[in-house]
Amino acid sequence: MRVNFLNRFVLFKTSIQQAIRRNVMTTSQIPLGVSDRILDNCDVTQVQLMKEECILIDENDKQIGSASKKHCHLLKNINEGLLHRAFSVFLFNLPGLLHRAFSVFLFNQEGQLLLQQRSDAKITFPDNFTNTCCSHPLNTDPELEEGNAIGVRRAAQRKLKHELGISPEQVSVDDFKYLTRIQYKAGNQPEDGIWGESEIDYILFIQKDVDLNINTNEVKSYRYLSQDQLRDFLATSDSEGRLITPWFRLITDRFLYKWWSKLGDLETEMDHKTIYKLS
């Protein structure tokens, strides 16, 4: 009787472990949450970009798999998480498609910050003003490499070229200063009940004069602002009808001006151990 019970328990435990391994984590196993037709009226180029594979992580920024950009940004998946059933009484809750991201803050030699306004073609946060460049490292070997955030910095270099036409010859991966990480969650703006963000975001600073060649499918406008100009820009954004990305507001409210004042001594501000949870 005891042997039979132990055998059943071992089989039960093994089945659970196999179920967890099966369910963590590939795009084909992640529920869409909404129909593929949700993208029917979206910009063709931006729809193609939604097929890129982002890096899925846990709340300690440890990689647990990958999923398409579309899956990662569906608000239903973000809010509900991924619930995988292994037998009727066990439910495994994965962390809401949390994925790895980065935010670049590029300053010219005069100390002004380069802002961009995201294009109207963007599926998430269209027409929003934000920091220089915000995107995701992809599930590729070069961008998965984690030592000194080298994969993230490679991704940042790639996206500066893609969005703003800043060539790798102008900005090397070594030019980026990795400060810290934040975690946040937000719904789309303008609100649509469909898309959102749930990220651990690497903060990258760089100070350099660069030449721009704007990709208008990505960027609607851009401008350089001083600290005082940015404070006024954000303070009047609601009254003047300007949309500001939630991550940019969170970073600005908590950290930006302190870091900005120490552009020549950023090593003292680096914190690679903490993941700041902002809301």
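Two strands are said to pair if DSSP finds at least two bridges between them, and the strands and helices themselves are DSSP runs (E, at least two residues, for strands; H or I, at least four, for helices), numbered from the N terminus. The structure is a predicted model, in which local features need pLDDT of at least 70 and side-chain atom pairs count only at pLDDT 80 or more, while totals for chains, interfaces and linings use all residues. Residues are numbered from 1 along each chain as its sequence is written, and side-chain values use heavy atoms, with hydrogens and water left out.

**Start with the whole chain.** Displayed as a cartoon, the protein has eight helices and twelve strands. Of its 279 residues, 52% are buried, where buried means under 20% relative accessible area, exposed over 50%, and partly exposed in between (1.4 Å probe, protein chains only). Among contacts (heavy atoms within 4.5 Å) with a separation of 6 or more, 71% are between residues 24 or more positions apart.

Strand 1 (residues 53-57) and strand 2 (residues 63-68) run antiparallel and are joined by five bridges; to find one of the paired positions, pick I55, whose bridge partner in strand 2 is S66. The two strands form a hairpin with five residues between them.

A pocket is found on a 1 Å grid over the protein atoms alone, as an open set of points with protein on both sides within 12 Å along at least five of seven lines; a cavity, by contrast, is a set of points where a 1.4 Å probe fits but cannot get out, and lining residues have an atom within 4 Å of a point. Grid points are joined across faces, edges and corners, and a volume is the space filled by probe spheres set on the points. The largest pocket holds about 200 Å³ of space, and the closest to its centre among its 15 lining residues are D61, E146, Y178, R181 and Y202. Helix 5 (141-144) and strand 9 each supply at least two residues of this lining, which divides into five nonpolar, three polar and seven charged residues; here Ala, Val, Leu, Ile, Met, Phe, Trp, Tyr, Cys and Pro count as nonpolar, Asp, Glu, Lys and Arg as charged, and the others, Gly among them, as polar.

A search of the whole structure finds three cavities of 30 Å³ or more. The largest cavity has about 120 Å³ of space and is lined by 18 residues, with R118, C134, S135, H136 and E197 nearest its centre. Helix 3 (69-73), strand 5, strand 8 (133-135), helix 6 (150-164) and strand 10 each give two or more residues to that lining, which comprises five nonpolar, five polar and eight charged residues. For the second largest cavity, of about 40 Å³, select L49, E52, C54, K69, S135, H136, L138 and K159, which line it.

**Now colour the nonpolar core.** Such a core is a set of buried Ala, Val, Leu, Ile, Met, Phe, Trp, Tyr and Cys residues joined through side-chain atoms within 4.5 Å. The largest has 30 residues, and those with the most contacts inside it are F105, L113, F205, L230, F248 and L256. At least two core residues come from each of strand 5 (99-107), strand 6 (113-118), strand 9 (177-187), strand 10 (196-207), helix 7 (227-235) and helix 8 (246-260), and helix 8 gives the most, with nine residues. Centre on L230 and, leaving aside residues up to four places away in sequence, you will find that L230 touches L113, L115, L225, F248, L256, Y257 and W260. A second, separate core of 20 residues includes V104, F176, Y202 and V210.

In the loop between strand 9 and strand 10 lies P190, joined to Q189 by a cis peptide bond with omega of about -5°. F125, in the loop between strand 6 and strand 7 (129-130), has a positive phi of about 55° although it is not a glycine, and F125 is buried, with a relative accessible area of 0%.
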